[in-house]
Amino acid sequence: MPKTILVVDDDRGVIKMLEAGLQAQGYTVLSANTGEGGLQIAQNKEVDLILLDVILPGAKGRAVCKQLKADEKTKNIPVVFLTAKDSPDDIKAEMDAGAIAHITKPVDLNKLVLKVSEVL
């Protein structure tokens, strides 16, 4: 059964690119363009991995990650941040929020697919 990846990003172009690239690798891809939408999908669908932007309308990515990790139903879903924010302090804050990895935008699809397969 294919693994399901949830992409949470407010940039439709990023979502489309990730959907195409990940689906070509055999993954099922769900998407949301707000933190709240991502939380709702994660709580109601079987998700194997979440790719999460930091800067989102409404709930920001780090807050979403903390909520996911505090929820019994979603705490074990690995979260990888995809963001242009790449200072050591930003990356530390993402890891402190519960992420397992950080990928800097613009996303290199080959590196992303490699990281996804490594995590899953």
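Biologist: What covers the buried residues of α2?

Modeller: The cover includes β1 (4-8), β2 (28-32), β3 (49-52) and α3 (61-70). Contact here means heavy atoms within 4.5 Å. Helices (H or I, at least four residues) and strands (E, at least two) are DSSP runs, numbered from the N terminus.

Biologist: What kind of model is this, and how are its residues numbered?

Modeller: It is a predicted model, in which local features need pLDDT of at least 70 and side-chain atom pairs count only at pLDDT 80 or more, while totals for chains, interfaces and linings use all residues. Residues are numbered from 1 along each chain as its sequence is written, and side-chain values use heavy atoms, with hydrogens and water left out.

Biologist: Which residues of α2 are buried?

Modeller: In α2, which covers residues 35-44, the buried residues are G35, G37, G38, L39, I41 and A42. Buried means under 20% relative accessible area, exposed means over 50%, and partly exposed lies in between (1.4 Å probe, protein chains only).

Biologist: Stepping back, what pattern does the chain follow?

Modeller: Along the sequence it reads β-α-β-α-β-α-β-α-β-α, with five helices and five strands. The radius of gyration is 13 Å, close to the 14 Å from the globule rule for 120 residues, so the chain is as compact as a globular protein of that length. That radius is taken over C-alpha atoms, and the rule is 2.2 Å times the number of residues to the power 0.38.

Biologist: And β4, is it enclosed or open?

Modeller: Five of the five residues of β4 are buried, so the strand is largely enclosed by the rest of the structure. V79, F81 and T83 lie on one side, and V80 and L82 on the other.

Biologist: How many bridges does β4 form with β3, and how many with β5?

Modeller: β3 and β4 pair in parallel over three bridges, and four bridges join β4 to β5, also in parallel. Strands count as paired if DSSP finds at least two bridges between them. V79 in β4 is the bridge partner of I50, while F81 has H102 in β5 as its partner.

Biologist: Which hand does the crossover from β3 to β4 have?

Modeller: The path from β3 through α3 to β4 is right-handed. With the strands pointing away from the viewer, the path from the first strand over the helix to the second then runs clockwise. β4, α4 and β5 also make a right-handed β-α-β unit.

Biologist: Which residues touch the most other members of the largest nonpolar core?

Modeller: Among its 20 residues, these are L6, I50, L52, L68, V79 and F81. Such a core is a set of buried Ala, Val, Leu, Ile, Met, Phe, Trp, Tyr and Cys residues joined through side-chain atoms within 4.5 Å. Apart from it lies another core, of 18 residues, including I5, V14, V80 and L82.

Biologist: Changing topic, what does the side chain of D90 contact?

Modeller: A polar contact of 2.9 Å joins the side chains of D90 and S87. A polar contact is a pair of N or O atoms within 3.5 Å; within protein, one must be able to donate a hydrogen and the other to accept it, and residues adjacent in sequence count only if both atoms are side-chain atoms. D90 is buried, with a relative accessible area of 15%.

Biologist: Where is the cis peptide bond?

Modeller: It joins K105 and P106, with omega about 0°. P106 lies in the loop between β5 (101-104) and α5 (109-119).
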